[in-house]
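Have the sequence and the 3D view open, and follow along helix by helix.

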Amino acid sequence: MAEIPRYWSIYRRKEIMNDYNPEVPFAFLFEGTDIVIPNWVLISVAALLFGAYILINQLFAPWVERKVMARMQGRRGPVYVGWRGILQIPADTVKLLLKEDTRPIGADKLGFLLSVSVVTIATIVSLAPLPFGRTGMIGGDFTIGFLYVFALFSLFPPFMLIGGWASNSKYSLLGGFRSAGQLIAYEIPMLISVLGIIAVTGSLNLIEITEFQIENGWFIFRYAGFGAVAGFIFFISGVAETERVPFDIPEDEGSLVMGPRTEFSGWRLALLMMVEYIHLFVNSMLLIYMFFGGYDPLPIPSGWIPALDPFRSHWIVTLLSLTIKAYILVAVAAWLRSTLPRFRIDQFLVLGWKYLIPVSLAAMLAMLAGPEVDVFGWWN
Amino acid sequence: MAFDFTQFIFFFIAVYILLCIVMVLRSEKVMQSAYWLILMLIGVSILFLLANSEILFVFQLSIYSGGIAVLLLFAAVLTEHDELGFDNSLLGFVRATFSQFIIYVIFAANMVFLILNSVLDSAYPQISELADVGRTYAEAWSQITGFATYIWDDMAMVIIVMGLLVLTAILGSVKLAIREEEIEDLSEEVLLRLKGEEVLT
Amino acid sequence: MIPLEYYLGLSAIMFASGLYGVLTQRNAVRILISVEVMLNAANLSMIAFNGVFGLTEYEGWSFILIIIAVAAVEAAVGLAIFLSVFRNYGEIDVGNIISLKEPKDVELI
């Protein structure tokens with residue numbers, strides 16, 4: 001096995017990924033042939049495919065979640081619209097878009113509009129640095145890839161609080177307070193748990209982090225178990241950031257009707273639901289890129305079984321493995337949602353500030369201290 | 001210097017920022033000025049991006065408009081919702097704050113002329129690197145690593161002192177803001193919860 | 001390429017507007033918000049001057065980092081002070097908090 005490079009540099013990226021150009025998607029399909037296709041055609045086709053991929057997943061993943069949840073609770077879930085209710089989510093969306101758009105009396109008009117629109121724009125724009133396989137389907141190949149997503153998601157707490165205040169309702173205001181406190185508290189362990197990975201790879205770009213894992217093995221199995229600890233903390237923080245069970249304290253149906261989203265209806269509610277699912281999707285994607293090898297189908301380093309290497313870097317395999325991993329995480333989210341009770345707000349904040357932050361700091365230091373101690377090191 | 005699209009973007013953002021500041025100063029409720037301030041901070045972060053600094057874009061967006069703004073919103077919600085002391089029209093605004101407005105105009109014009117004159121006349125090299133759109137990935141990444149190296153080499157003590165300052169301020173403000181309850185006023189259930197025992201109701 | 005003067009002019013106007021807000025507003029939270037506007041004006045001029053001196057100079061950037069940290073500290077301490085003032089006086093109008101001020105009807109000896 002080759003010596004593990006201590007720091008992954010941008011020049012190493014060029015050596016490994018000579019066939020991969022994120023500037024021009026799908027260009028590798030026509031290399032060595034006589035077919036000449038202009039770049040703008042390739043870019044437009046990739047943009048269309050990207051949009052279609054996101055849209056189909058948005059309409060399909062909630063159905064998967066509802067079906068899994070129903071099976072776990074001994075129900076059937078949606079059955080009427082389409083084959084086994086597969087068109088339930090599009091039907092719900094059309095129904096919400098056709099409903100009347102209402103605003104409470106005394107609501108702050110601009111704040112009511114801003115909280116929906118800023119959150120929606122930030123969520124859609126945050127899909128840019130995610131590479132969908134080695135196809136070149138990536139919105140922007142930034143140097144600050146992970147931090148860009150992180151910065152856009154940090155716009156959520158103030159605008160949730162503004163939306164709760166602007167609705168002129170006590171449930172919305174209390175939910176807005178809880179939402180802001182929860183999101184601020186769990187951003188910190190989420191960032192600290194990946195600092196070790198960022199320092200070891202020496203990069204913030206999601207393509208480079210994934211390629212590092214293809215060469216050296218997935219991070220979840222490395223660093224003598226501390227990779228798994230950091231991944232677990234990242235997963236918990238991601239569930240808390242997306243406000244899902246067991247951390248759905250802001251939209252506590254029993255005491256606050258629907259939290260900061262109580263007064264929204266019609267297309268605003270449709271947009272907020274879409275934001276919730278894209279947020280879940282992007283958080284699952286970040287977990288996959290950081291700890292589960294990104295678009296890599298196998299958890300072992302690339303040099304071990306050389307016969308499999310062309311198979312692993314094929315573009316269809318990478319896209320499929322990414323999608324399958326994302327659906328597994330959606331099923332895990334449904335599992336949590338159907339089985340666990342809700343935390344109380346003070347227990348929840350104590351968990352975040354007192355336990356997760358010190359443990360994530362320890363995991364980061366352990367990653368920096370012993371990068372060679374891992375499962376893949378014991379093999380040789 | 002030729003007019004290119006980065007200058008167009010700059011003027012667009014600048015007009016947006018000035019509009020946000022006007023709304024901050026003359027909006028009716030404190031909460032409204034707070035959210036106009038957040039919109040202004042997002043505009044400033046885009047200007048950082050135009051000045052070739054991706055990492056400061058991230059800092060501005062996540063710390064300023066994500067963290068500090070929440071503190072300001074909390075301060076606005078938890079205290080009194082006041083109204084402005086004068087009409088909500090521009091005329092009323094100008095009439096109520098006439099003398100300050102004159103001072104503002106004189107001061108702003110003075111400052112702009114002062115800065116522009118001193119910059120245009122001085123020996124500053126006119127090689128503006130702002131909004132260099134032809135920068136490659138490697139150059140951008142070397143800039144970020146250079147910034148990190150600069151911080152942890154030359155500014156290391158400053159960062160440590162700054163961390164101590166932030167820690168002191170956080171502890172002090174928690175001590176100041178926490179409400180100390182009289183123990184006799186609490187109900188038995190709350191007392192049991194404070195001791196960490198489970199309450200069965 | 002954006003010339004340096006554009007950034008500096010915008011920064012000067014922002015700074016003057018923030019100062020105007022500090023001078024005219026009476027609510028303490030509004031004063032804090034105006035101070036944030038002034039700090040951002042300073043940040044803009046810092047990053048503009050840093051861009052003029054080349055791609056390998058980072059003094060301006062590190063000043064911006066320090067300014068952001070100081071602004072966070074200021075907002076946290078400000079929130080705590082406003083909360084305790086509001087608890088004691090029932091308002092945070094800086095013109096009415098005068099318990100340390102000398103009463104007018106008491107004559108000096």
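Start in chain C, where α1(C) and α2(C) pack at an angle of about 165°, with their axes 8 Å apart. (Helices are DSSP runs of H or I with at least four residues, strands are runs of E with at least two, and both are numbered from the N terminus; axes are lines fitted to C-alpha atoms, for helices over the stretch in contact, and angles run from 0 to 180 degrees between N-to-C directions.) The two helices are therefore roughly antiparallel to each other. That label is for angles over 145 degrees, while under 35 counts as roughly parallel, 65 to 115 as roughly perpendicular and the rest as oblique. α1(C) passes α2(C) in a left-handed crossing, meaning that the near helix is turned anticlockwise from the far one by less than a right angle (clockwise would be right-handed).

Who touches whom here? Among the residues in this contact are C:Leu4, C:Tyr7 and C:Leu8 of α1(C), and C:Arg30, C:Ile31 and C:Ser34 of α2(C). Two residues are in contact if their C-beta atoms, placed from the backbone, lie within 7 Å.

Before going on, a word on what you're looking at. This is a predicted model, in which local features need pLDDT of at least 70 and side-chain atom pairs count only at pLDDT 80 or more, while totals for chains, interfaces and linings use all residues. Residues are numbered from 1 along each chain as its sequence is written, and chains are lettered from A and ligands numbered from 1 in the order in which they are written.

Chain C has a mean pLDDT of 83, and 92% of its residues reach 70 or more; pLDDT is the predictor's confidence in each residue, from 0 to 100. Among the elements of chain C, α2(C) has the highest mean pLDDT (88) and α1(C) the lowest (85).

Chain C also meets chain B, in a contact that takes 62 residues from chain C and 71 residues from chain B. On the chain C side, α1 (4-24), α2 (28-52) and α3 (59-89) each give two or more residues, and α3(C) gives the most, with 21 residues.

Chain A touches chain B too, with 21 residues from each. The biggest giver on the chain A side is α6(A), with five residues.

Here's how some of these contacts split by class (Ala, Val, Leu, Ile, Met, Phe, Trp, Tyr, Cys and Pro are nonpolar, Asp, Glu, Lys and Arg charged, and the others, Gly among them, polar):

| Residues | Nonpolar | Polar | Charged |
|---|---|---|---|
| Side of chain A that touches chain B | 16 residues | three residues | two residues |
| Contact of α1(C) with α2(C) | 16 residues | seven residues | one residue |

What is chain B made of? Eight helices and zero strands. Buried residues make up 28% of its 201 residues. (Buried means 20 or more other C-beta atoms within 10 Å of a residue's own, exposed 12 or fewer, and partly exposed in between, with C-beta atoms placed from the backbone.)

Finally, hop to chain A. Ten of the eleven residues of α8(A) (residues 206-216) are buried, so this helix is largely enclosed by the rest of the structure. Just after α8(A), A:Gly217 takes a positive phi of about 100°.
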